[in-house]
Amino acid sequence: MQAVVIEQYGGPEELHMATLPQPTIAADEVLVAVAATSINPIDWKARQGLLKGMYDWDFPVVLGWDVAGTIVAAGDQVTKFKVGDAVFARPDIYTDGRRGTYAQYAAVKEDKLALKPQELSFAQAAALPLAGLTAYQVIHDRLQVQAGEKVLIQAGAGGVGLNAIQIAKYLGAYVATTASANHADLLKQIGADEVIDYHTTKIQDVLHDYDAVFDTINAIDDGMAILKPTGRLVTIDGQPTEAQKAQGPSVSGWWLQPNGTELAILGDLAVKGHLQVIIDQVFPFTTDGLQAAHRYSEASHSAGKLIIHVNQPANL
Ligand SMILES: NC(=O)c1ccc[n+]([C@@H]2O[C@H](COP(=O)([O-])OP(=O)(O)OC[C@H]3O[C@@H](n4cnc5c(N)ncnc54)[C@H](OP(=O)(O)O)[C@@H]3O)[C@@H](O)[C@H]2O)c1
């Protein structure tokens with residue numbers, strides 16, 4: 001199969017098309033013919049070698065951890081999905097480093113899969129898993145945002161932020177968010193009550209007595225400064241220090257746990273109109289396409305997801 005790989009850690013120029021064997025599947029896995037994948041910051045952090053401490057991969061490494069496509073083979077123990085099903089997932093990160101989703105085929109464990117709703121294109125479905133699950137798990141599961149609470153979501157125009165704002169609004173919260181001025185209209189359109197231009201305004205100067213903060217930019221002290229003493233903060237982009245943990249508000253870090261059941265909930269929210277899937281740009285599945293997508297993501301000013309169109313189903 002064709003896959004975009006890296007053969008050493010480094011810049012975007014390390015990404016290139018290669019021919020690799022198709023992944024073999026275990027009894028509890030399916031093989032997905034990939035229609036679309038998406039870019040997340042973890043992709044270029046991994047490309048730079050920043051995950052070396054967590055994963056001891058052999059080169060060539062296939063990056064990418066979002067997939068939407070069609071099942072072409074299923075292991076003997078797979079019971080809920082069958083060949084021909086259109087699905088989407090945030091697959092596990094495999095220890096061999098070969099099973100990313102910048103590839104024509106991806107192996108996915110059954111418990112990470114959800115059926116792709118017919119109403120969503122493959123591109124929309126590929127946009128949801130990693131960013132959407134992270135947002136859902138922090139807003140719904142960890143912060144347990146309640147109706148009427150005041151919540152700050154940092155980096156509202158990011159892949160995670162756009163989902164988090166909409167999930168918090170769905171739960172009935174009052175939502176403030178940070179963004180560059182050119183993204184304010186988009187964020188208000190998806191439901192944000194207040195958009196703060198972080199280039200000109202400090203959140204501590206305008207927000208007070210917040211119930212919850214979703215930190216996506218490693219600004220834990222800033223977030224803690226606007227919380228009530230009983231408030232809570234979850235970060236996905238830093239590690240709270242012991243001193244921060246010892247202060248009044250609760251503070252903790254979170255690392256996404258892939259989960260097909262929660263992904264199906266997100267798909268349902270999208271179908272029912274509670275969650276718009278915002279795509280910034282679609283790139284081709286080529287060496288140039290992946291390099292351009294990494295450069296764009298790394299510049300950290302995308303508004304929504306960057307999609308890679310891998311194969312050719314009719315309704316991408
Ligand atoms: N722990 C986990 O499990 C986990 C899971 C997912 C993501 N993450 C991490 O969470 C972070 C966000 O991920 P993502 O997918 O949302 O990234 P993304 O889509 O690349 O985020 C891009 C957005 O970040 C905004 N931004 C950049 N600097 C900002 C700042 N100082 N203040 C406010 N907004 C800022 C930009 O807004 P403007 O263009 O409007 O300036 C842009 O819209 C990344 O570091 C990622 O690695 C962690």
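Into which domains is the protein divided?

1. Basis. This is a predicted model, where local features need pLDDT of at least 70, side-chain atom pairs count only at pLDDT 80 or more, and totals for chains, interfaces and linings use all residues. Residues are numbered from 1 along each chain as its sequence is written, and side-chain values use heavy atoms, with hydrogens and water left out.

2. Domains. Domain 1 covers 2–128 + 277–309, and domain 2 covers 134–253. These bounds come from an automatic or database domain assignment. Taken over C-alpha atoms, the centres of domain 1 and domain 2 are 28 Å apart. Eight residues of domain 1 and 10 residues of domain 2 make the contact (heavy atoms within 4.5 Å).

3. Buried area. The size of an interface is often given as the accessible area lost when the parts come together. Between domain 1 and domain 2 about 640 Å² is buried (accessible area, 1.4 Å probe, that two parts lose on being put together, summed over both). Carbon and sulfur atoms give 61% of that area. On the domain 1 side, I278, H301 and A303 supply 57% of the area buried against domain 2, more than any other three residues.

4. The side of domain 1 that touches domain 2 has three nonpolar, three polar and two charged residues. Here Ala, Val, Leu, Ile, Met, Phe, Trp, Tyr, Cys and Pro count as nonpolar, Asp, Glu, Lys and Arg as charged, and the others, Gly among them, as polar.

5. Salt bridges overall. The count comes to 14 salt bridges. In one of them, E29 pairs with K109, and the closest N and O atoms are 3.7 Å apart. The pair links distant parts of the chain: E29 is in strand 3 (residues 29–39) and K109 in strand 7 (residues 105–109), 80 residues apart. Helices (H or I, at least four residues) and strands (E, at least two) are DSSP runs, numbered from the N terminus.

6. Backbone points to check. Most residues other than glycine have a negative phi, and most peptide bonds are trans. The F59 to P60 peptide bond is cis, with omega near 0°. P60 sits in the loop between helix 1 (41–48) and strand 4 (61–62). Q144, a residue other than glycine, has a positive phi near 45°. Q144 lies in the loop between helix 3 (129–142) and strand 9 (150–153).

Definitions and conventions. Salt bridge = Lys/Arg side-chain N within 4 Å of Asp/Glu carboxyl O.
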